[in-house]
There are 2 protein chains.
Amino acid sequence: MADMRLLLLSNSRNYGKGYLEHAGEAIRDFLSAKVRDVLFVPYAVVRVPWDDATAMVAQRFRELGYELRSVHTAADPVAAVRGARAIAVSGGNTFHLLKTLYDTGLVDAIRAAARAGTPYMGWSAGANVAGPTIRTTNDMPIVEPPTLDALALVPFQINPHYTDATIPSHGGETRGERLLEFTAANPGKPVIGLREGSMLRLEGNRVTLLGDQPARLFLAKRDPWEVEAGGDIGFLMT
Amino acid sequence: MADMRLLLLSNSRNYGKGYLEHAGEAIRDFLSAKVRDVLFVPYAVVRVPWDDATAMVAQRFRELGYELRSVHTAADPVAAVRGARAIAVSGGNTFHLLKTLYDTGLVDAIRAAARAGTPYMGWSAGANVAGPTIRTTNDMPIVEPPTLDALALVPFQINPHYTDATIPSHGGETRGERLLEFTAANPGKPVIGLREGSMLRLEGNRVTLLGDQPARLFLAKRDPWEVEAGGDIGFLMT
């Protein structure tokens, strides 16, 4: 069985930049020239028609040298996943993504494909669902999936768009405080907060943090700590 | 059967102010001199021991002329709710609150008590659970309740801490965009965004917006609109 291969992006668009503009090199390095066709999963997208969302993402992938078609146009979505050479899962609303993955039977299909070595990439919500659960999403639970359990491709929780900033003159917890609440309620479950522009690349048990910024790690009963970009954080896999 | 009576606060603490400082007059007017003892529900609180959270809230209620004891110290929580003269539900994490309400059997007990006329007040998470579901919470789903269905004391969704502001130089949706996603995914379900300092007071079918700020209303297929403080928004009850 081939090693699992993942590219998990915190976000699709760095502030003031174009769609996946910051991630072009990382995507090309990950998919390489061996892949030509990518299967797109638009289920996180709520207010834009999936055809339109697909067209926008396909244009960016075409610039990078890949043809992208969407699973929502496939007659048999499960078969499309089984036959995919690579899978790309869009950001949007994580609850909407997970519910639709369950509704279409794709949770098991994508998990099996990724574990068998099909390259899986996702940004924001699409990175979030790679963890054991979506309990560290920032999104609003606008719909109710049958469970918050997700793909569990990695054993640690992911918090995309991690930031230490807050809204000026507004009450409410910081992101760090929310994740400390998660670890208090879920001892033993580590969380990695991926700042904007950051990515995780996983090859087998090797996990590398890409981008310019450190990531912040949270685990019950110890203070959060930072890991530097470029570092191997494979210890999270155990 | 007595009219239902609710006081639903967006938040516990206005920026730079003390705990429930902004709401003292509204609480006294709501509970009146007829109530002396208030049953407190601290289940939304995650990182502070419930004894400590209770002590802090009890001090504030004592200043206002009420004795507060917490349901978490009751031998039989359901009996405590049935015997309560008034119920006050704390803010914190809405998922943690709802899960614990289900774990303790208090969802049915509180719903029945409030519908029979026991005054119910809640702030932030405690206001959120008064709606049909918690699908418009801002909180992180750190734990998984059996369902997102909540007390359904009112037929409309509540979004506490509503704000039009965003984190500077950070991607991600505005609160308004998140609520538009909710209405897109849930046509026919209205949402009221309660800004910091705002409160809803319900007496039977009369619903009044208290505080200094307008609230923002969201419903599928129309633009969000504002209702002014002081206005009757009983139309939301139909």
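Before comparing helices, I noted that axes are lines fitted to C-alpha atoms, for helices over the stretch in contact, with angles from 0 to 180 degrees between N-to-C directions. Helices are DSSP runs (H or I, at least four residues), as are strands (E, at least two), numbered from the N terminus.

This is a predicted model, where local features need pLDDT of at least 70, side-chain atom pairs count only at pLDDT 80 or more, and totals for chains, interfaces and linings use all residues. Residues are numbered from 1 along each chain as its sequence is written, chains are lettered from A and ligands numbered from 1 in the order written, and side-chain values use heavy atoms, leaving out hydrogens and water.

**Helix packing.** I looked up α1 (residues 24-31) and α2 (residues 50-64) of chain B, which pack at about 70 degrees with axes 10 Å apart. That makes α1(B) roughly perpendicular to α2(B) (65 to 115 degrees). The contact (heavy atoms within 4.5 Å) involves G24(B), I27(B), R28(B) and L31(B) from α1(B), and R60(B), F61(B), E63(B) and L64(B) from α2(B).

**Symmetry.** Chain A superposes on chain B by a rotation of 180 degrees with 0.0 Å of shift along the axis, RMSD 0.0 Å (least squares on C-alpha atoms of residues with pLDDT of at least 70 in both). That is the relation of a two-fold axis. In chain A, I167(A) comes closest to the rotation axis, at 2.5 Å (C-alpha).

**Aromatics.** I found 10 aromatic pairs over all chains (Phe, Tyr or six-membered Trp rings with centres within 6.5 Å). Y19(B) and W123(B) have ring centres 6.3 Å apart and planes at 80 degrees, so they are edge-to-face (over 60 degrees).

Note on methods
Angles under 35 degrees count as roughly parallel, over 145 as roughly antiparallel, 65 to 115 as roughly perpendicular and the rest as oblique. Rings of Phe, Tyr and Trp (its six-membered ring) pair if their centres lie within 6.5 Å; planes under 30 degrees apart count as stacked, over 60 as edge-to-face and the rest as tilted.
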